[in-house]
Amino acid sequence: QRTKNFDSLSFLYLITGNTTKLKKMLKIAEMRNDVMSRFNNALMLGAVEERVKILAEMGQVPLAALTAKSHGLTEFLDKLEEQLQGSDISAAIPPNARLLMPPVPLVRPADKGDDANWPLLKSVKQIFEKTTFENVSASQETPFVDASEVPEDTEIGGGWGDDLNSPTGGPVAVGADWGDMDDLDLGGEVVEEAVVEEKGASLTMGDTLQTKWLRKRRLVCDLVAAGEFEEALSLLKKRIGLMNPDPLEPLFKEAYWATCSALPSLPQAPSLNLPVLSEGHFKSRELSPMLLFTSKTIVAKVREAQRLLTQGKFGEGLSLLQYALQVIPLSAAKDSAEEKVLVEMIEVCREYVNFTRLEVARKRLNPQTEVARNVEMAAYLTCCKVQSKFHHGLALKLAMTTSFRMQNFVTAASFARRLIQGSWGDQGATLVPQARQVLAQSEKNATDAHPINFDPRGNVEDVKLCVGSFTPFAATDAVVNCPYCSSPYKQQFKGKLCQACGLSEIGANTLGIQLFPL
């Protein structure tokens, strides 16, 4: 009923013998003005009077009269025969006609036939439509406890012992400036109740494979592989401040279906659905689901995006970079080294996404009326910390040529010096000679035709750019960051959707992404 599949619901009530609910479905069909659904429900209920009414309402008078006469409903025949204008329908009635009633099911799902407890499932679309985090107040949030987190060892020892002792070898007393940290109202000691297992002769169902791997680890990828989409979205809200779940819907489906497999069984029997595992087997307790978005897959996507940027395909490269940035929360690391790679990929994708967004926005400018802004944004490209020296060299060359063509010779000379002083490998054979020529011509003119908000003599490392407005931060400007990709924004963007990753709320207070269980 929640998925609006009323015909399937009526069929379910038919095969389970739930006639009470089937009568309700007939009323619902009448309220929905669904004629075919009314007729089908009446047919499954054996309600001949209702079928006669439906046929008469739809103008099928001969069929209505034939149905009424076949079943001996004389109260309807007088009015129906008046409309037939003397036509005889008795010849069309077979001699062995009898009332058709739906068969009674041999096995009911429960002892209480009308109150069978059938599972109610949510569609994926409903889960993603319901998950709107924009108007959720902080008071309604329940405290988050990760099942895979283990409390830290708070016992002082090991390497800390030597640092906390006095030079004479005695213990160091904690100073009063730390405050009274022991006076806490904790409600007394926690008494753990022993769980007594009840032994009996009844058989219990074994744990499913999904239950087993969720008991071992409850990362986002594990929840998605188990089909727990709603819990996965809730965990992403607490981890990275998820605000826009729409890009994750196709990714969730891809990750889920990657773990599904079906084994054909006996004829006319359903197939056996078996999840694909990356570790362990069906009988083991320690197992892990198959992971679609691995670190190797993400690194390959980033390299492909870098290749597209080299070819000047900024639109395709931006889409691929944002895709890689959005699938990283659905990945997991096998060890700390792989976790370091995934965290590094977040930084690489963030810099390249903002670098590409800046260039795409610059290309949309009017070259005739927005000359100064064009030179300014080209200069900002050189401040992005992209991974590849090749792309950094292309950004410096673009800024140098743009400034030189717009007659900002002082700015062009600063980029030419950076190219001459840099180390570019094989790329330097084409960059450095052109930079020397631009520097020579720029030093002759030594003027800027268009004032821009960029200091060519300043330190590039000190330039910090707001990726929402593409303007540099002043010394007094407050900085708010995306809790996932750490893109910097000015205070006016707080509470809005991050334009780099397209997932998180800017400035949200979160637990931080977790890609490896503690």
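A salt bridge is a side-chain nitrogen of Lys or Arg within 4 Å of a carboxyl oxygen of Asp or Glu. This predicted model holds 13 such bridges. Among them is the pair Glu359 and Arg362, with N and O 3.0 Å apart.

- Glu359 and Arg362 both sit in helix H15 (residues 336-363). They are 3 residues apart, about one turn of the helix.
- Glu359 has 3% relative accessibility, so it counts as buried.
- Arg362 also counts as buried, because its relative accessibility is 10%.

- The side chains of Glu443 and Arg417 meet at 3.9 Å, N to O. Glu443 belongs to helix H19 (residues 428-445) and Arg417 to helix H18 (residues 409-421), so the bridge ties together parts 26 residues apart in sequence.
- Arg417 is partly exposed, at 36% relative accessible area.

**A network**
- Salt bridges link Arg38, Glu50 and Glu57 in a network.

**Packing of H11 on H12**
- Helix H11 (residues 229-240) packs against helix H12 (residues 248-257) at about 125°, with the axes 12 Å apart. That angle makes H11 oblique to H12.
- The crossing of H11 past H12 is right-handed.
- From H11, Phe229, Ala232, Leu233 and Leu236 meet Leu248, Phe252, Lys253 and Tyr256 of H12. The contact residues comprise 7 nonpolar, no polar and 1 charged.

**Lys253 in H12**
- Lys253 forms a salt bridge with Glu249, the closest N and O atoms being 3.6 Å apart.
- The two residues are 4 apart in H12, so about one helical turn separates them.
- Lys253 is partly exposed, at 35% relative accessibility.

Technical notes:
Residues numbered from 1 in each chain as written. Predicted model: local features only at pLDDT ≥ 70, side-chain atom pairs only at ≥ 80, totals over all residues. Heavy atoms only, no water. Axes fitted to C-alpha atoms, helices over the stretch in contact; angles between N-to-C directions. Parallel < 35°, antiparallel > 145°, perpendicular 65-115°, else oblique. Left-handed = near helix turned anticlockwise from the far one by under 90°. Contact = heavy atoms within 4.5 Å. Nonpolar A, V, L, I, M, F, W, Y, C, P; charged D, E, K, R; others polar. Buried < 20%, exposed > 50% of the residue type's maximum accessible area, 1.4 Å probe, protein only.
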